[in-house]
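Subject: Structure for you to look at

Hi,

Here is the structure I promised to pass on. Have a look at it first, and then read on for what turned up.

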Amino acid sequence: MNGEDIRELQPFMNENMQLTALPAKYKKKLMAYYYLATKLEDGKKYTEAEINDILHHWTTFDDPATLRREMYNKHLMDRTNDCKQYWKEAELPALGAFLAKYV
């Protein structure tokens, strides 16, 4: 995400770049999910607890289950069938292509 993209999320962020709420508008909500996906390391497998820790670090509201589910549903993150391991999709599309797919 570039600076212009981040500026669109600024009203929903604090000084530590943490999301303080999910935007109501769908496009900005998608941008928030994308922003959180960029916080995951490429090629690293995470446990559910580790994903929750990352989401807690980058948000100030407590809803990791919704965030995990939406990031998975939007193909930003994948997981094993038993939900014991999660990982960022191998290559995230450019933000514009991602938004175009869902908006």
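Let's start where helix α2 touches helix α4: Tyr-33, Leu-36 and Ala-37 of α2 meet Leu-67, Glu-70 and Met-71 of α4. Sorted by class, that contact has five nonpolar residues, one charged and no polar ones. The two helices pack at about 95 degrees, with 10 Å between their axes, and are therefore roughly perpendicular to each other.

Before going further, a word on what you're looking at: this is a predicted model. The average pLDDT for the chain is 95, and 100% of the residues score at least 70. Confidence is highest in strand β1 (residues 45-46), with 98, and lowest in helix α1 (residues 3-9), where the mean is 89.

Back to α2, which spans residues 26-37. Helix α5 (residues 95-102) also packs against α2, at an angle of about 135 degrees and with the axes 10 Å apart. That angle makes α2 oblique to α5, and the crossing is right-handed. On the α2 side you'll find Tyr-26, Lys-27, Leu-30, Met-31 and Tyr-34, and they meet Leu-95, Phe-98, Leu-99 and Tyr-102 of α5. Here the contact has eight nonpolar residues and one charged, with no polar ones.

Helix α3 packs against α4 (residues 64-73) at about 105 degrees, their axes being 10 Å apart, which makes α3 roughly perpendicular to α4. From α3 come Glu-48, Ile-51, Asn-52, Leu-55 and His-56, while α4 brings in Pro-64, Leu-67, Arg-68 and Met-71.

One last thing to look for: how many aromatic pairs does a search of the whole structure find? There are three. One of them is Tyr-35 with Trp-58, an edge-to-face pair with 6.2 Å from centre to centre and 90 degrees between the planes. Tyr-35 sits in α2 and Trp-58 in α3 (residues 48-58), so this pair ties together parts of the chain that are 23 residues apart in sequence.

Over to you, and happy browsing!

Terms used. Residues are numbered from 1 along each chain as its sequence is written. This is a predicted model: local features need pLDDT of at least 70, side-chain atom pairs count only at pLDDT 80 or more; totals for chains, interfaces and linings use all residues. Side-chain values use heavy atoms; hydrogens and water are left out. Axes are lines fitted to C-alpha atoms, for helices over the stretch in contact, and angles run from 0 to 180 degrees between N-to-C directions. Helices (H or I, at least four residues) and strands (E, at least two) are DSSP runs, numbered from the N terminus. Angles under 35 degrees count as roughly parallel, over 145 as roughly antiparallel, 65 to 115 as roughly perpendicular and the rest as oblique. A crossing is left-handed if the near helix is turned anticlockwise from the far one by less than a right angle, and right-handed if clockwise. Contact means heavy atoms within 4.5 Å. Ala, Val, Leu, Ile, Met, Phe, Trp, Tyr, Cys and Pro count as nonpolar, Asp, Glu, Lys and Arg as charged, and the others, Gly among them, as polar. pLDDT is the predictor's confidence in each residue, from 0 to 100. Rings of Phe, Tyr and Trp (its six-membered ring) pair if their centres lie within 6.5 Å; planes under 30 degrees apart count as stacked, over 60 as edge-to-face and the rest as tilted.
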